[in-house]
Amino acid sequence: FNSYLNGTITVNKLNIPVNDVIVYDNVDIVGPDLSYDPNSGIFTIKTKGTYNFNWKIACTPAPATVSIQIDMVLIPSLTYISGMSITATNPVISGGNYVYAANAGEQIAFINASNGPIGLVLTQISGPLGSLSVYRIY
């Protein structure tokens with residue numbers, strides 16, 4: 001692999017509004033191809049190439065939220081790249097895997113695209129609330 005990034009969410013995040021970016025608490029990057037802004041939750045592709053994104057997130061719907069949707073999008077347009085969609089009334093862990101041909105300078109984030117607010121909370125499960133692994137294949 002040319003470069004890789006590992007990120008985790010370790011702190012409960014309550015009441016994330018629709019279209020808000022999900023911020024990772026800890027992000028480690030090896031190599032020059034990726035960067036991350038911990039204030040905005042935005043990842044920047046610094047080198048054109050093919051990247052593999054693999055993520056898991058523990059989601060909890062707010063009382064009026066029935067369908068949970070977490071999308072990987074281009075910023076600032078919110079153009080959909082990939083995502084996960086589940087119908088849930090209880091906390092659930094779900095995720096996705098996507099291979100993406102990216103251009104240098106593209107900015108990517110994970111957003112709450114559900115029909116209402118969600119939380120990231122672990123209930124009776126140990127480990128991080130979310131994890132992300134990104135690596136440049138070519």
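Begin by selecting Tyr 24, Phe 53, Trp 55, Ile 70, Phe 110 and Leu 132, which touch the most other members among the 31 residues of the largest nonpolar core. Such a core is a set of buried Ala, Val, Leu, Ile, Met, Phe, Trp, Tyr and Cys residues joined through side-chain atoms within 4.5 Å, where buried means under 20% relative accessible area, exposed over 50%, and partly exposed in between, with a 1.4 Å probe and protein chains only. Strand E6 gives this core its largest share, five residues; helices (H or I, at least four residues) and strands (E, at least two) are DSSP runs numbered from the N terminus. A second, separate core of five residues includes Ile 42, Val 73, Ile 75 and Ile 111. In soluble globular proteins, nonpolar side chains tend to be buried together.

This is a predicted model, in which local features need pLDDT of at least 70 and side-chain atom pairs count only at pLDDT 80 or more, while totals for chains, interfaces and linings use all residues. Residues are numbered from 1 along each chain as its sequence is written, and side-chain values use heavy atoms, with hydrogens and water left out.

Rings of Phe, Tyr and Trp (its six-membered ring) pair if their centres lie within 6.5 Å, and planes under 30 degrees apart count as stacked, over 60 as edge-to-face and the rest as tilted. A search of the whole structure finds six aromatic pairs. One of them joins Tyr 24 and Phe 43 edge-to-face, at 5.9 Å centre to centre with 70° between the planes. Because Tyr 24 lies in the loop between strand E2 (13-16) and strand E3 (26-30), and Phe 43 in strand E5 (residues 42-45), the pair ties together parts that are 19 residues apart in sequence. Tyr 24 counts as buried at 1% relative accessibility, and Phe 43 is buried as well, with a relative accessible area of 4%. Tyr 24 also pairs edge-to-face with Phe 110, at 6.2 Å centre to centre and 70° between the planes. This second pair links distant parts of the chain, since Phe 110 sits in strand E10 (residues 107-112), 86 residues from Tyr 24.

Two strands pair if DSSP finds at least two bridges between them. Strand E1 (residues 4-9) runs antiparallel to E12 and is joined to E12 by six bridges, with Asn 6 standing opposite Ser 133. Strand E6 (residues 49-61) is also antiparallel to E12, with seven bridges, and Asn 52 has Tyr 135 as its bridge partner in E12.

Stay at Arg 136 and select Asp 33, whose side chain meets that of Arg 136 in a salt bridge (3.2 Å, N to O); the term requires a side-chain nitrogen of Lys or Arg within 4 Å of a carboxyl oxygen of Asp or Glu. Asp 33 lies in the loop between E3 and strand E4 (34-37) and Arg 136 in strand E12, so the pair ties together parts that are 103 residues apart in sequence. Asp 33 is buried, with a relative accessible area of 5%, and Arg 136 counts as buried at 16%. The count comes to two salt bridges, and Lys 13 and Asp 25 form one of them, with the closest N and O atoms 2.8 Å apart. Lys 13 counts as buried at 17% relative accessibility, whereas Asp 25 is partly exposed at 29%.

A cis peptide bond joins Ile 75 and Pro 76, with omega about 10°, and Pro 76 is placed in the loop between strand E7 (67-75) and strand E8 (79-87). Asn 15 has a positive phi, near 55°, in a residue other than glycine; Asn 15 lies in strand E2 and is exposed, with a relative accessible area of 55%.
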